[in-house]
Amino acid sequence: MTPARPGIRKATATALALGLSAALAACSGDGGGNGGNGGDAAGHGGVPKLSVSGAYLPRPPMTDMAAGFLTVRNTGGAADELTSVTTPLAAEVTLHSTEGTRMKQVGSLDVPANGRLDLSSGGDHLMLTDLTHRPKVGEKVTFTLHFATSDPIEIKVPVEPTTYRPKD
């Protein structure tokens with residue numbers, strides 16, 4: 001039986017080498033020669049790919065406070081977080097989470113991989129405080145959305161009538 005052991009060891013070593021080669025090939029990214037940037041730093045299935053739609057700002061009844069709504073879509077394979085929003089219209093924009101009838105300010109809102117973050121009336125939303133002026137219906141307000149890992153996204157948000165509700 002001693003002569004058979006070197007053959008078994010060689011076959012095992014060959015199988016192990018092939019397995020490792022296949023595993024390394026699978027981890028090498030998208031094959032585009034980009035140095036492995038096809039995934040996130042931890043190698044967990046890609047990067048966020050974000051876009052924003054459905055943004056609107058109901059005309060505030062007064063000049064001290066307004067609410068903002070929008071949808072952030074993520075078609076990428078990694079999650080991200082909305083960490084802040086800035087606008088020249090307000091001194092401060094805070095993120096609010098709503099659970100049931102309770103609203104609370106939060107430091108960030110999750111944008112899941114292959115999912116979306118909906119900021120809507122009665123749900124999670126943006127609160128703008130200390131407005132520079134009361135915007136008129138039809139005005140466009142610049143928002144810059146900041147994320148934990150993705151580049152900021154700048155959008156123009158239309159001001160809608162106070163009672164506006166988007167179509168689903």
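This is a predicted model: local features need pLDDT of at least 70, side-chain atom pairs count only at pLDDT 80 or more; totals for chains, interfaces and linings use all residues.
Is Tyr164 buried, partly exposed or exposed?

Residues are numbered from 1 along each chain as its sequence is written, and side-chain values use heavy atoms, with hydrogens and water left out.

Now the rings. Rings of Phe, Tyr and Trp (its six-membered ring) pair if their centres lie within 6.5 Å; planes under 30 degrees apart are stacked, over 60 edge-to-face, the rest tilted. That rule gives two aromatic pairs.

Take Tyr56 and Phe69. Their pair is tilted, at 5.2 Å centre to centre and 40 degrees between the planes. Tyr56 sits in strand 1 (residues 50-58) and Phe69 in strand 2 (residues 65-74), so this pair ties together parts 13 residues apart in sequence. Strands are DSSP runs of E, at least two residues, numbered from the N terminus.

Next, Tyr56 with Tyr164. This pair is edge-to-face: 4.9 Å between centres, 75 degrees between planes. Here distant parts of the chain are linked, since Tyr164 is in the segment after strand 10 (153-160), 108 residues from Tyr56.

Back to accessibility. Buried means under 20% relative accessible area, exposed over 50%, partly exposed in between (1.4 Å probe, protein chains only). Tyr56 is buried at 5%. Phe69 is buried at 7%. Tyr164 is partly exposed, at 27%.

To finish: ring pairs join Tyr56, Phe69 and Tyr164 into a cluster.

Terms used: Helices (H or I, at least four residues) and strands (E, at least two) are DSSP runs, numbered from the N terminus.
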